[in-house]
Amino acid sequence: MTTTNPVLDPGKQTKYKVIMGALAAVIPLAVAVLYFWPGAFRIPGAEVKMLPAVNAVLNSLTAVFLLLGYYFIRRKEVAKHRAMMGIAFILGSIFLVSYVAYHSQGIVTKFGGEGFIRTVYYFILITHILLAAVTVGLVLFTLYFALTQQFAKHRRIARWTFPVWLYVSVTGVVVYLMIAPYYV
């Protein structure tokens, strides 16, 4: 007796692609709304001061698990690779919820550095933001191709996803460390 994988059903694959595509568009749009309309979803009394530090830890851990996942796939240890990437995905998802929770409160912190360091900060921040928006779709479709056992497509997109996601995770920590002295 063989069991069928419902994820591999072509009808469901289309449904999952639509869901992934919608999430890839909606998540960056929701973050943009929070950026352009701070406090749009404010919850009075919500205590979120510690979330930037939590987010930096989540980004750091995500980067570690991405590197471990890369290490294991290079060694052809697929089960360990899958576990590491699953943990990275979960940490990234928790980060996203925490990030939205923090920014929904309308808290805005301005970078106070001057001169060359200001240019460096904004270069890192802008590249981080732009690539973070792209990362959502890359990660979701990389995961989708792995879950649907489309490994050739998974490998092709993962070659882009891995360095971009790693850059976003690391620069998220760098941005936090650079702006942390200016938090009120």
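Which helix supplies the largest share of the lining of the largest pocket? That share, 12 residues, comes from H4. The model is predicted, so local features need pLDDT of at least 70 and side-chain atom pairs count only at pLDDT 80 or more, while totals for chains, interfaces and linings use all residues. Residues are numbered from 1 along each chain as its sequence is written, and side-chain values use heavy atoms, with hydrogens and water left out.

The largest pocket has a volume of about 1,500 Å³. A pocket here is an open set of points on a 1 Å grid over the protein atoms alone, where a 1.4 Å probe fits and protein lies on both sides within 12 Å along at least five of seven lines; lining residues have an atom within 4 Å of a point. The volume is the space filled by probe spheres set on the points, which are joined across faces, edges and corners. The largest pocket is lined by 48 residues, and Val31, Tyr99, His103, His128 and Ile129 lie nearest its centre. Helix H1 (10-36), helix H2 (51-74), H3, H4 and helix H5 (151-179) each give at least two residues to this lining. Helices are DSSP runs (H or I, at least four residues), numbered from the N terminus. By class, the lining of the largest pocket has 36 nonpolar, 11 polar and one charged residues. In this grouping Ala, Val, Leu, Ile, Met, Phe, Trp, Tyr, Cys and Pro are nonpolar, Asp, Glu, Lys and Arg are charged, and the others, Gly among them, are polar.

The second largest pocket holds about 950 Å³ of space. It is lined by 25 residues, with Ile73, His81, His154, Arg155 and Ala158 closest to its centre. H2, H3, H4 and H5 are the elements that give two or more residues to this lining. H5 gives the most, with eight residues. The lining of the second largest pocket divides into 13 nonpolar, seven polar and five charged residues.

The aromatic rings come next. The whole structure contains 11 aromatic pairs, counted where ring centres of Phe, Tyr and Trp (its six-membered ring) lie within 6.5 Å; planes under 30 degrees apart are stacked, over 60 edge-to-face and the rest tilted. Phenylalanine 111 and tyrosine 121 form a stacked pair, 4.0 Å centre to centre with 5 degrees between the planes. This pair links distant parts of the chain, 10 residues apart: phenylalanine 111 is in the loop between helix H3 (78-103) and helix H4 (116-147), and tyrosine 121 is in helix H4. Why is the pair of tyrosine 121 and tyrosine 122 edge-to-face? Their ring centres are 5.0 Å apart and their planes stand at 80 degrees, so the pair is edge-to-face. Tyrosine 121 is buried, with a relative accessible area of 4%, whereas tyrosine 122 is partly exposed at 30%. Buried means under 20% relative accessible area, exposed over 50% and partly exposed in between (1.4 Å probe, protein chains only). Phe111, Tyr121, Tyr122 and Tyr182 form one aromatic cluster.

Charged side chains are the last topic. Side chains of opposite charge can pair when their charged atoms come close. The structure has two salt bridges, each a side-chain nitrogen of Lys or Arg within 4 Å of a carboxyl oxygen of Asp or Glu. Arginine 75 meets glutamate 77 at 2.8 Å, N to O. Glutamate 77 also bridges to lysine 80, with the closest N and O atoms 3.0 Å apart. Arginine 75 is partly exposed at 48% relative accessibility, and lysine 80 is partly exposed at 44%.
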